[in-house]
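Me: I've got a model open and want to talk through its fold and its packing. Can you take my questions one by one?

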Amino acid sequence: MRVLIGVVFVFGMFGCAEGSQTDACRAYVDCIDARDAAAGIQTNVVRFESDGDCWGSEPGAKLCDT
């Protein structure tokens, strides 16, 4: 849980820049994937991945950052 909180904090601090997935977003996706594996669930984080919808436009990147 502490790792997730830390990743969310970093994600919030640096956000996700338009055009490419940031290191913080990559860490966020990795953290959610690890949590899901441990809990036996699946969270849809496709939009945050490097080829996800977040990075196609400035409004999309801002929405994902929010």
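Me: How many helices and strands are there in the protein?
Reply: Keep in mind that this is a predicted model, where local features need pLDDT of at least 70, side-chain atom pairs count only at pLDDT 80 or more, and totals for chains, interfaces and linings use all residues. Residues are numbered from 1 along each chain as its sequence is written, and side-chain values use heavy atoms, leaving out hydrogens and water. Helices (H or I, at least four residues) and strands (E, at least two) are DSSP runs, numbered from the N terminus. The elements run α-α-α from the N terminus on, and the tally is three helices and zero strands.

Me: Which kind of aromatic pair do Tyr28 and Phe48 form?
Reply: Rings of Phe, Tyr and Trp (its six-membered ring) pair if their centres lie within 6.5 Å; planes under 30 degrees apart are stacked, over 60 edge-to-face, the rest tilted. A search of the whole structure turns up one such pair. The ring centres of Tyr28 and Phe48 are 5.3 Å apart with planes at 75 degrees, so the pair is edge-to-face.
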